[in-house]
Amino acid sequence: MSMALDGKVALVVGGSSGIGRGAALALAAAGARVVVAARREPECREVVGEIEARGGAAVFARVDVTVPAEVEALVATVVERWGRLDCAVNSAGINEDVVPITEADDAVFDRMMAVNCKGTFLCMKHELRQMVRQGGGGSVVNLSSIMGHVAAPTGSIYVATKHAIEGLTKSAALSYAKQGIRVNAVAPTVVAGTPLIDSTMKNYPGLIDPYIADIPAGRPARVDEVARVIVWLCSDDASFVNGHSLAVDGGQLSK
Ligand SMILES: NC(=O)c1ccc[n+]([C@@H]2O[C@H](COP(=O)([O-])OP(=O)(O)OC[C@H]3O[C@@H](n4cnc5c(N)ncnc54)[C@H](OP(=O)(O)O)[C@@H]3O)[C@@H](O)[C@H]2O)c1
């Protein structure tokens, strides 16, 4: 039986845990060969092992998205290993100071901009260069958030980084549409059980509860629900979807 991503090569940056991990598993299940990239090698290797145990193909590549040379080398590694890059998922992200702007720390601003915003920029730059170079189109999916569409009184830095990712996504979508390369984002609401959301809930008790209560579906998203949307955006089923930020929010942004 042929699958949606048969023969494709996919890179998942931030594949060691959470949504990136789920995306790597789902992309492999859809037939792609997957490069699982992040800083934590044991976690990435576990994802690789899980994919292989299910009959898929995957390799680990280490990257710190704040280091431009490492991001460039990562894409070169993908091409060395499998000859091309068809799908790229940029899921590396952090959320540290969930406070109003007057209480936000300057160093945290720099760190979050470096990972969420510049990291996504660097990944897109080198992924898109490769997709243009090889020809034949491609698909890039960035991890935004509903916080890339709207704001919250706390978390001004996170909101700013996610709005920046929305801008990068739309602009790049326009730049490479003629080459058949699509650049989209997914914008999840709270996704349960990832290290990012677990640490936010631990560090700021009670802060996330009102956001979950506000979700019309009455619950947070699951990782697999976001991962399936990422697979769809990577596939030819989404062949005319470009520059879009797809909310995976149980209806929250419709309120
Ligand atoms: N969970 C949610 O509620 C939610 C909602 C909307 C959007 N998102 C977004 O979804 C994305 C994934 O988050 P998650 O919830 O799945 O949390 P997560 O499991 O903590 O994922 C974050 C990923 O980013 C990687 N990362 C962090 N800093 C990095 C760096 N300098 N270089 C390379 N990789 C780095 C981490 O890997 P290493 O530590 O191994 O490097 C990890 O794989 C983020 O962009 C987040 O903003 C999450």
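**Ground rules.** I number residues from 1 along each chain as its sequence is written. Since the model is predicted, local features need pLDDT of at least 70, side-chain atom pairs count only at pLDDT 80 or more, and totals for chains, interfaces and linings use all residues.

**The sheet.** I looked up the strand order first. I found 7 strands in an open sheet, ordered β3-β2-β1-β4-β5-β6-β7, with parallel pairing. Strands here are DSSP runs of E with at least two residues, helices are runs of H or I with at least four, and both are numbered from the N terminus. Two strands pair if DSSP finds at least two bridges between them. The edges are β3 and β7 (245-248), each pairing on one side only. Neighbouring strands are turned by 20 degrees against each other on average, direction ignored. For angles, I use axes fitted as lines to C-alpha atoms, for helices over the stretch in contact; angles run from 0 to 180 degrees between N-to-C directions.

**Two strand pairs.** I checked β5 (residues 138-143) against β6 (residues 181-188): 6 bridges join these parallel strands. Gly138 stands opposite Ile181 in β6. Helix α5 packs on the sheet and touches β5, β6 and β7; its direction makes about 160 degrees with that of β6. Contact means C-beta atoms, placed from the backbone, within 7 Å. Next I took β2 (residues 33-38) and β3 (residues 58-62), which are parallel and joined by 5 bridges. Ala37 faces Ala61 in β3. With helix α2 (residues 41-53), β2 and β3 make a right-handed β-α-β unit. Right-handed here means that, with the strands pointing away from the viewer, the path from the first strand over the helix to the second runs clockwise.

**α4 with α5.** The axes of α4 (residues 106-134) and α5 (residues 156-176) come within 9 Å and cross at roughly 15 degrees. I therefore log α4 and α5 as roughly parallel (angles under 35 degrees). Their crossing is right-handed (the near helix is turned clockwise from the far one by less than a right angle). Phe109, Met113 and Phe121 are among the α4 residues that meet α5, whose side includes Ile165 and Leu168. By class I read 16 nonpolar, 3 polar and no charged residues. Ala, Val, Leu, Ile, Met, Phe, Trp, Tyr, Cys and Pro count as nonpolar, Asp, Glu, Lys and Arg as charged, and the others, Gly among them, as polar.

**α1 with α2.** The axes of α1 (residues 18-29) and α2 come within 10 Å and cross at roughly 25 degrees. This crossing of α1 and α2 is right-handed. Arg21, Ala24, Leu25 and Ala28 in α1 meet Val47, Glu50 and Ile51 in α2. I noted 5 nonpolar, no polar and 2 charged residues in this contact of α1 with α2.

Technical notes. Angles under 35 degrees count as roughly parallel, over 145 as roughly antiparallel, 65 to 115 as roughly perpendicular and the rest as oblique. Two residues are in contact if their C-beta atoms, placed from the backbone, lie within 7 Å.
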